Amino acid sequence: MIYVLLFALLAAGVAIVLKRRSRRAAVPIAGDEAGVPTFRVAALGPRGSGKTLLLASMYHEMQVWGGRSFLLTAPRAEVALLNKWFSQVEDTGQDWPAGTAAADTREFTFTARARTRTGTLRPVLRLVYLEYAGKVLTEPEEPGSKLWNDLDTQVQRADALIGIIDGHRVRQWYDGEPEGRIRLQHAMTAMINRMLTVHKPVTFIITKWDLLRDIDADEDARLRAVRKLLMSNRGFRELVQEHTSRRVVRLIPVSAVGPSFAEMDDDGAVAKVPGGELRPTNVDVPLAAVVPDVFEQVARALDREKLAAVLERARRRSGVGPAAALTELGTFILAQTTRAAGAVGAFSAPYVSFLGAAAAELLTPQAEARAVRTERALSEAEQEVEDFQLAQRRVIRDLQSRVDVLEGRLPASRLDGGE
């Protein structure tokens, strides 16, 4: 419901300005490289928590269509590195890939591409994924180093944050092993210390979820048991209890390898099972949640009575064409975001078309039908814009759907302040 109200609000606002602009110049195509919105994600986690495995598995899962309306691409050098890591994971005769060195913080640029109805493959949005070395997060800074300052800057710049919780340490803690509790508490405190001061959506990821499969046969009950354990950490508890009214906070269990590929050996280390088969689970959800979560957080900052009033006005609007209408929506959300919620990195001028497409996707079904009817009278250039914006909306729908499916299956994944 919050999305319907938000995007109804967006439908109200800036028609006069856009009508004047449309008389002077053609509407730019939102899929042009310079106009693709970029959402920055900062991933924080301790050394050995599985950040590299997660990233390799995440890209491997999303670089193909897989029933989605989009796929991810990346620069060739990044693809080569990700594929190398995945091959190392997949080969049971090799050790796990090495972790990220302190001076080797990695940034990956993923572009979501979708096909228009004419078959053209177009970039829709970018996700810049920054993976910080665990050593930077949990160990004292060396004299003269600027890594801590850089980390704080990147956290401030990010549109969404990911906190990696090592499932191996959770397993140890759950089994009563002091080392697991001590190491995990230390890592969580270091992560949360940086997260408490910024108002961004946060997704906590429990890696190596396969190691916890015997805690309870019901996965949601298993997640609730782990969540209760994590809530005993004061910082985690305060972030959940104090911030979930103003930000989106998730707890997503993932396995980069699946339930039958790895196990704990006699020494308590995670070892590959000879002949094991990779079957990753939930690895696509953290990236899928970024855009819906950013939009939901903006919605929380808007006045509800104003939303209701604008909703009524939006229902009476019918004279603006689809392309201009979507650009109006993006312009209005940009203004509202800056005024009501503070500057958000992804919401800047080149991205208004994408913002409008996201808004229109969650309007009433009649809006979709009106767009289809109107485009028949458009010029060829305008139809190209319309086709692309419809492709954008399919991508946004897919992203929201993936989040909805997870929440439906695992209600405990949405943190709301309770235990």
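A salt bridge here is a side-chain nitrogen of Lys or Arg within 4 Å of a carboxyl oxygen of Asp or Glu. I worked on a predicted model, in which local features need pLDDT of at least 70 and side-chain atom pairs count only at pLDDT 80 or more, while totals for chains, interfaces and linings use all residues. Residues are numbered from 1 along each chain as its sequence is written, and side-chain values use heavy atoms, with hydrogens and water left out.

**Entry 1: salt bridges**

I searched the whole structure and got 15 salt bridges. I looked up glutamate 296 and arginine 414, whose side chains meet in a salt bridge at 2.6 Å, N to O. This pair links distant parts of the chain: glutamate 296 is in helix 12 (residues 290–300), arginine 414 is in the segment after helix 17, and they are 118 residues apart. Buried means under 20% relative accessible area, exposed over 50%, and partly exposed in between, with a 1.4 Å probe and protein chains only.

I then took glutamate 407 and arginine 250, which form a salt bridge with the closest N and O atoms 2.5 Å apart. These two are 157 residues apart, with glutamate 407 in helix 17 (residues 380–409) and arginine 250 in strand 7 (residues 249–253). Arginine 250 is buried at 3% relative accessible area, whereas glutamate 407 is partly exposed at 23%. I noted that Arg250, Asp293, Glu296, Glu407 and Arg414 are linked in a network of salt bridges.

I also checked a pair within one helix. Aspartate 220 and arginine 224 meet in a salt bridge at 3.2 Å, N to O. They are four residues apart in helix 9 (residues 219–230), so about one helical turn separates them. Aspartate 220 is buried at 12%; arginine 224 is partly exposed at 36%.

**Entry 2: helix 8 against helix 10**

How do helix 8 and helix 10 pack? I found helix 8 (residues 178–195) and helix 10 (residues 234–243) at an angle of about 35 degrees, with axes 8 Å apart. Axes are lines fitted to C-alpha atoms, for helices over the stretch in contact, and angles run from 0 to 180 degrees between N-to-C directions. The contact (heavy atoms within 4.5 Å) is made by Met188, Ile192 and Met195 of helix 8 and Gly235, Phe236 and Leu239 of helix 10.

**Entry 3: the core**

I looked up the largest nonpolar core and got 88 residues; among those with the most contacts inside it are Phe110, Tyr129 and Phe236. Such a core is a set of buried Ala, Val, Leu, Ile, Met, Phe, Trp, Tyr and Cys residues joined through side-chain atoms within 4.5 Å. Helix 3 (residues 51–62) gives the largest share, seven residues. Not counting residues up to four places away in sequence, phenylalanine 236 touches Ile165, Met188, Ile192, Phe204, Leu230, Met231 and Leu415.

**Entry 4: two single residues**

Histidine 168 is in helix 7 (residues 167–174) and is buried at 10% relative accessibility. Leaving out residues up to four places away in sequence, I list its contacts as Lys208, Leu211, Met264, Gly268, Ala269 and Val270.

Serine 260 lies in the loop between strand 7 and strand 8 (262–264) and is partly exposed at 33%.
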